[in-house]
Amino acid sequence: DITVTGKYAVGIGSSSYSGDAYVATQGNTTVSGTYDAVGISGSGYGYATVLNTGDITVDAPLDSLGIVASSYNDDVLVGSSGDISTTSVSGYSTGITATSTNGNVDVYNFGAMMISSETGDATGIEAISDYADVYVANAGDLTISSEYGNVVGIRAYVYGYNDVTVV
């Protein structure tokens, strides 16, 4: 298990300026930030893969993010079967964010999510690609809330003329 506390706190971070980023974790991740906090992050110029089977709990007054995976040039894959809980006071709160500029984005979620922000926006799963396909499969219960911000269960979006699938 991993427990992290700090100003800008990240439980697990994997990044590559010119290559691939890969994270696979089985343990629970608990992150508390006094500003922003991220449970698991994988970011690469090439492929970005995050595979998680543990529970993730993230708490921060500003942005609170469970899993973040991003790639500039290739595909992004996120697979999570653990429960995800993120809490924010005035920032953005999200369970899974997966983005790519030039590659496909695939998200598979099997765990429950409790995502909340008091005054900011809250999103369960966000999957975005500029120029390729987006696929989201969700089998977990999503509970998303915000008293004053926008609330979205699953947001799947393509800026170009490609396909978006949510099941």
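A residue counts as buried under 20% relative accessible area, as exposed over 50%, and as partly exposed in between. Keep that scale in mind for this predicted model.

Tyr135, at 28% relative accessibility, is therefore partly exposed. Tyr108 falls in that class too, because its relative accessibility is 30%. The structure has four aromatic pairs. In one of them, the planes of the Tyr108 and Tyr135 rings meet at 45°, so this pair is tilted. It bridges distant parts of the chain, with Tyr108 in strand 10 and Tyr135 in strand 13 (residues 134–138), 27 residues apart. Tyr157 and Tyr159 form an edge-to-face pair, because their planes stand at 75°. Tyr157 itself is partly exposed at 36% relative accessibility.

Here are the two pairs with their values:

| Pair | Centre distance | Plane angle and class |
|---|---|---|
| Tyr108 and Tyr135 | 5.7 Å | 45°, tilted |
| Tyr157 and Tyr159 | 4.7 Å | 75°, edge-to-face |

The largest nonpolar core has 29 residues, and Ile67, Val78, Ile96 and Val107 touch the most other members. Leaving out residues up to four places away in sequence, Val107 touches Val78 and Ile96, and also Ala98, Ile125, Ala127, Tyr135, Val136 and Ala137. Asn109, in strand 10 (residues 105–109), is buried, with a relative accessible area of 0%. Beyond its neighbours within four places in sequence, the contacts of Asn109 include Ser80, Ile96, Ile125 and Ala137.

Leu62 sits in the loop between strand 5 (56–60) and strand 6 (64–71), and is partly exposed because its relative accessible area is 34%.

Technical notes:
Residues are numbered from 1 along each chain as its sequence is written. This is a predicted model: local features need pLDDT of at least 70, side-chain atom pairs count only at pLDDT 80 or more; totals for chains, interfaces and linings use all residues. Side-chain values use heavy atoms; hydrogens and water are left out. Helices (H or I, at least four residues) and strands (E, at least two) are DSSP runs, numbered from the N terminus. Buried means under 20% relative accessible area, exposed over 50%, partly exposed in between (1.4 Å probe, protein chains only). Contact means heavy atoms within 4.5 Å. A nonpolar core is a set of buried Ala, Val, Leu, Ile, Met, Phe, Trp, Tyr and Cys residues joined through side-chain atoms within 4.5 Å. Rings of Phe, Tyr and Trp (its six-membered ring) pair if their centres lie within 6.5 Å; planes under 30 degrees apart count as stacked, over 60 as edge-to-face and the rest as tilted.
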